[in-house]
Amino acid sequence: MEIGDDTLIAAHSVISSQSHDIDALAAGSLYRETAANARVVIGRNVWIASNVVIGPGVTVGDNAVIGAGSVVLKDVPPGTLVAGVPARAIRALQ
């Protein structure tokens with residue numbers, strides 16, 4: 001995981017670089033080894049509001065804002081406000 005300078009991460013946010021193999025459940029093996037292990041990169045001057053979840057392999061660009069309660073499963077372009085479940089671009093920031 002990489003977190004850039006001047007980034008703010010609010011309370012109760014989760015940043016995870018690992019996930020479980022959902023096919024393991026169908027095969028009857030809930031405790032199978034982790035399938036996804038992908039680096040998370042958060043740029044400089046990013047604001048991650050409270051209760052945000054950022055999943056494996058996501059890159060958050062510099063100067064981005066992630067709204068409270070969002071679930072981020074795809075990359076966030078630099079200078080973009082995203083929000084929602086799943087997170088979607090709301091608008092470009094100046």
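This is a predicted model: local features need pLDDT of at least 70, side-chain atom pairs count only at pLDDT 80 or more; totals for chains, interfaces and linings use all residues.
1. What surrounds threonine 80? Setting aside residues up to four places away in sequence, Thr80 touches Asn63, Ala64, Val65, Ala89, Arg91 and Leu93. There's a polar contact as well: a polar atom of the Thr80 side chain lies 3.2 Å from the backbone oxygen of proline 77.

2. Serine 70 is another polar residue worth a click. It is buried, with a relative accessible area of 0%, and it sits in the loop between β10 (65-66) and β11 (71-72). The serine 70 side chain reaches the backbone oxygen of glycine 67 at 2.7 Å. Not counting residues up to four places away in sequence, Ser70 touches Asn51, Val52, Val53, Val82, Ala83, Gly84 and Ala87.

3. Stepping back to the overall layout, the protein has 13 strands and one helix. Reading from the N terminus, the order is β-β-β-β-α-β-β-β-β-β-β-β-β-β.

4. Now the sheet. Five strands make an open sheet with mixed pairing, ordered β2-β7-β10-β12-β13. β2 (8-9) and β13 (88-92) are at the edges with a single partner strand each, so one side of each has no neighbour in the sheet.

5. If you want a specific pair to look at, leucine 8 has tryptophan 47 as its bridge partner in β7.

6. On to the nonpolar core. The largest one has 14 residues, and the members touching the most others are Ile42, Ile48, Ile54, Val60, Ile66 and Val72. In soluble globular proteins, nonpolar side chains tend to be buried together.

7. Leaving out its neighbours within four places in sequence, Ile54 is in contact with Val14, Ile15, Ser16, Val40, Ile42, Ile48, Val60, Ile66 and Val72.

8. Some totals to finish. Of the 94 residues in the protein, 30% are buried. The accessible surface is about 6000 Å², with 53% of it belonging to carbon and sulfur atoms. Among contacts between residues at least 6 apart in sequence, 29% join residues at least 24 apart.

Technical notes
Residues are numbered from 1 along each chain as its sequence is written. Side-chain values use heavy atoms; hydrogens and water are left out. A nonpolar core is a set of buried Ala, Val, Leu, Ile, Met, Phe, Trp, Tyr and Cys residues joined through side-chain atoms within 4.5 Å. Buried means under 20% relative accessible area, exposed over 50%, partly exposed in between (1.4 Å probe, protein chains only). Contact means heavy atoms within 4.5 Å. Two strands pair if DSSP finds at least two bridges between them. Helices (H or I, at least four residues) and strands (E, at least two) are DSSP runs, numbered from the N terminus. A polar contact is a pair of N or O atoms within 3.5 Å; within protein, one must be able to donate a hydrogen and the other to accept it, and residues adjacent in sequence count only if both atoms are side-chain atoms. Accessible areas come from the Shrake-Rupley method with a 1.4 Å probe; for residues, only the protein chains shown count as cover.
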